[in-house]
Amino acid sequence: METDSPTKSTMSFNIVNLVSSRILSSLGDEEIEVDIHGNLIEEEEAFQSFHEEIDEIEEKELLFSYDDFKEEYAVFKLNLLKDNKFIHRCLDNPIEDGSRSKKIYIRRKDGAIYFPTTDYQRLPDGRLEFIREDIIAKQKGVFLWALKKVGSSILAGKSPFLIPLPVHIFTHRSYLQRIASSLGFVPHYFDRAVQIPHEPIEQLRLIVATFLASLHLNMDQQKPFNPILGETFQGFIDGNPIYIEQISHHPPIHSSQFYGRGYKIEGTFEATGKISTSGIVGIQGGLNRITFESNGNVLYVRYPHFRMEGMAFGKRTINFVSKLVVFDPTNNLIAKVKVDPDQNLSSLFHRDKLSHDSFRGGIYQVSSDFSQAKLAEIKKGDKKLKSKPKHYLKQVSKVEGTWMDRVVIDDITYWKLGMNMPFKVVHAKSPLPSDSTYREDMLLLMKDDIEAANVAKESLENRQRQDKALREAAKPKKK
């Protein structure tokens with residue numbers, strides 16, 4: 001006899017409701033009204049009425065910045081957390097194809113260009129100054145408190161991601177969300193790179209332009225929430241899915257995967273840094289691995305470091321230092337671009353002193369022996385992609401510009417501020433229950449309920465410590 005086979009959605013909904021009804025039944029003899037499939041009628045009606053609110057929120061998500069309706073968004077998400085609606089939503093909805101996020105760009109409500117906002121100004125020497133005195137005052141107080149409490153000798157060199165801080169200096173995003181937003185330019189350039197698999201130098205130019213143009217996308221001066229072990233984030237950038245997970249707490253390590261049209265970007269990174277009385281240097285330790293599907297070619301990317309000064313005294317300024325390196329072992333090519341280059345390098349390009357936001361470098365042909373040796377180092381765990389001029393057979397492209405304004409390669413402008421608008425990271429409709437967007441502490445901060453947010457943050461951190469203790473206790477004892 002043929003029977004209709006239940007869908008995954010129906011099965012998951014029934015299972016969750018069966019558990020719910022058993023919990024409710026255990027509370028007393030109150031009669032529970034269910035339909036013929038065993039679903040709670042009252043809960044079913046609640047879901048129906050909730051759909052209209054979901055549609056409204058998702059429409060605003062596409063049209064505005066989350067900052068423009070953050071309290072409404074927080075109330076919506078907190079409502080999902082009640083009675084485990086967020087778990088239902090994950091189980092009952094089909095996998096999203098991302099089509100609603102196509103051609104959705106970062107935009108400001110006032111119609112102005114997205115960068116820099118009125119919170120910043122570019123200084124004559126090329127550094128970016130943050131001028132929100134209310135936020136700076138809060139952060140300086142906390143930074144000085146941390147120096148006094150821990151001691152500057154202990155704090156120096158310690159990762160800023162391992163220091164517990166109060167919620168009132170945080171932004172309403174997780175670090176995982178911030179990582180995702182740094183990829184807003186990728187579809188602009190990588191979709192073109194996919195079309196030219198037999199032009200490796202031009203492919204490399206496009207990749208270099210992508211990551212240099214992206215440096216300014218994460219200028220938020222408020223601290224993001226440290227991800228909890230096992231925390232995830234799912235979103236879409238121009239229809240392309242991105243997945244990120246925090247896979248280690250000490251040290252703080254996350255893994256990410258971004259699936260583009262004909263390419264994949266993935267990597268595992270340790271968020272480290274150095275703190276001193278003058279400021280913070282943030283380091284994303286690890287390599288991005290780019291794979292093109294058409295020919296299987298794999299490239300490796302190392303990011304520059306982020307520097308923030310004036311944490312305790314003086315002007316709050318932001319800049320990038322170190323190098324962007326992109327290595328293509330298959331075609332024996334390496335791109336090396338130094339941000340805020342040394343003074344002695346400036347004479348090679350200009351007579352005048354270079355501004356701090358400048359970068360200079362090139363794309364170089366290297367020997368196959370160098371490529372194979374460097375590839376072997378990567379497989380052993382090397383994350384620095386070091387190279388020296390003696391390794392270069394010849395320079396095939398010149399790279400210059402400023403991270404705030406433009407990327408010029410061989411006298412061709414690949415990016416100029418306002419030329420290509422970065423794509424917005426659109427949150428997944430039905431992410432895993434472990435998604436960053438369901439963090440109660442972050443949502444309460446969106447509502448400006450600082451006290452409740454601190455309590456929720458401490459609760460999450462205590463739970464994480466308890467989980468760690470259980471794992472440690474379960475480890476086999478050494479004989």
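This is a predicted model: local features need pLDDT of at least 70, side-chain atom pairs count only at pLDDT 80 or more; totals for chains, interfaces and linings use all residues.
On the α8 side, the residues involved are V186, Y189, F190, R192 and A193, and they touch Q203, L206, I207, A209, T210 and F211 in α9. Sorted by class, this contact is made up of eight nonpolar residues, two polar ones and one charged one.

How do the two helices lie against each other? Two packed helices are described by the angle between their axes and the distance between the axes. Helix α8 covers residues 186-194, and its axis runs 9 Å from that of α9, at an angle of about 175 degrees. Because angles over 145 degrees count as roughly antiparallel, α8 is roughly antiparallel to α9.

Helix α9 also turns up in the largest nonpolar core. This core holds 63 residues, and V208, L212, I290, V326 and W403 have the most contacts inside it. The element that gives the most to the core is α9 itself (residues 200-213), with eight residues.

Next come the strands. Strand β12 (residues 305-309) pairs with β9 (residues 279-285) over four bridges, in the antiparallel sense. On its other pairing, β12 is joined by five bridges to β13 (residues 317-321), and these two strands also run antiparallel. E309 is a handy landmark here, as E309 in β12 stands opposite G279 and also stands opposite T317 in β13.

Is D92 buried or exposed? Its relative accessibility is 15%, so D92 counts as buried. D92 and S430 are 338 residues apart in sequence, yet their C-alpha atoms are 8.6 Å apart in space.

Zooming out, the protein chain has 13 helices and 20 strands. Of its 479 residues, 49% count as buried. Among contacts in the chain with a separation of 6 or more, 65% come from residues 24 or more positions apart.

Key
Residues are numbered from 1 along each chain as its sequence is written. Side-chain values use heavy atoms; hydrogens and water are left out. A nonpolar core is a set of buried Ala, Val, Leu, Ile, Met, Phe, Trp, Tyr and Cys residues joined through side-chain atoms within 4.5 Å. Buried means under 20% relative accessible area, exposed over 50%, partly exposed in between (1.4 Å probe, protein chains only). Axes are lines fitted to C-alpha atoms, for helices over the stretch in contact, and angles run from 0 to 180 degrees between N-to-C directions. Angles under 35 degrees count as roughly parallel, over 145 as roughly antiparallel, 65 to 115 as roughly perpendicular and the rest as oblique. Contact means heavy atoms within 4.5 Å. Ala, Val, Leu, Ile, Met, Phe, Trp, Tyr, Cys and Pro count as nonpolar, Asp, Glu, Lys and Arg as charged, and the others, Gly among them, as polar. Two strands pair if DSSP finds at least two bridges between them.
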